[in-house]
Amino acid sequence: MSELACLELSVLLWIAHVLVQVGAANAALPLSYLLSSRDVAMEPKGVMAGRASRALGNYVQNFTAFVALDLAFIALHLSAGIWPTVWILARIVYLPLYLFNVTYVRSIVWGVSLVALMIMLIRLASN
């Protein structure tokens, strides 16, 4: 998959994370609050709302580095190899693993995505 296609998919995955987080939060908040002006902040209660928020936060942390690296490859007309694809696939798998509390495997998948970022950085620095 090209660097550009992975960048596009990474934005779609960000949208998916946001929608999952919003959906979980909305399910955990009363309708009267959701329809109000929300002058007083209310934290959604519930396991899924918390997991979705943490998964989104984790994605945003990794997304920033991925976008910077991927854009550098695109701008410099260099190939990042398979690593953007590995990163995006790992991040796609990560979300349901986090939401459904699949321990160990989730951490391994996160590690794979981190390795992909590190290899992208090494490849970029070596060009």
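At what angle do helix 1 and helix 3 pack, and how far apart are their axes? In this predicted model, where local features need pLDDT of at least 70, side-chain atom pairs count only at pLDDT 80 or more, while totals for chains, interfaces and linings use all residues. Residues are numbered from 1 along each chain as its sequence is written, and side-chain values use heavy atoms, leaving out hydrogens and water.

The angle between helix 1 and helix 3 is about 165°, and their axes lie 9 Å apart (axes are lines fitted to C-alpha atoms over the stretch in contact, with angles from 0 to 180 degrees between N-to-C directions). The two helices are therefore roughly antiparallel, a label given to angles over 145 degrees. Helices here are DSSP runs of H or I with at least four residues, numbered from the N terminus.

Within helix 1 (residues 3-28) sits H17. H17 counts as buried because its relative accessibility is 1%; buried means under 20% relative accessible area and exposed over 50%, with a 1.4 Å probe and protein chains only. Leaving aside residues up to four places away in sequence, H17 touches A55, L56, Y59 and L95, where contact means heavy atoms within 4.5 Å.

Turning to helix 5, its buried residues are V109, S113, A116, L117, M120 and L124. These residues lie on the same side of helix 5 because they cover an arc of only 90° around the axis, judged by the directions from the helix axis to the C-beta atoms. They pack against helix 3 (47-75) and helix 4 (83-99). On the other side of helix 5, I108, I122 and A125 are exposed.

Terms used. Angles under 35 degrees count as roughly parallel, over 145 as roughly antiparallel, 65 to 115 as roughly perpendicular and the rest as oblique.
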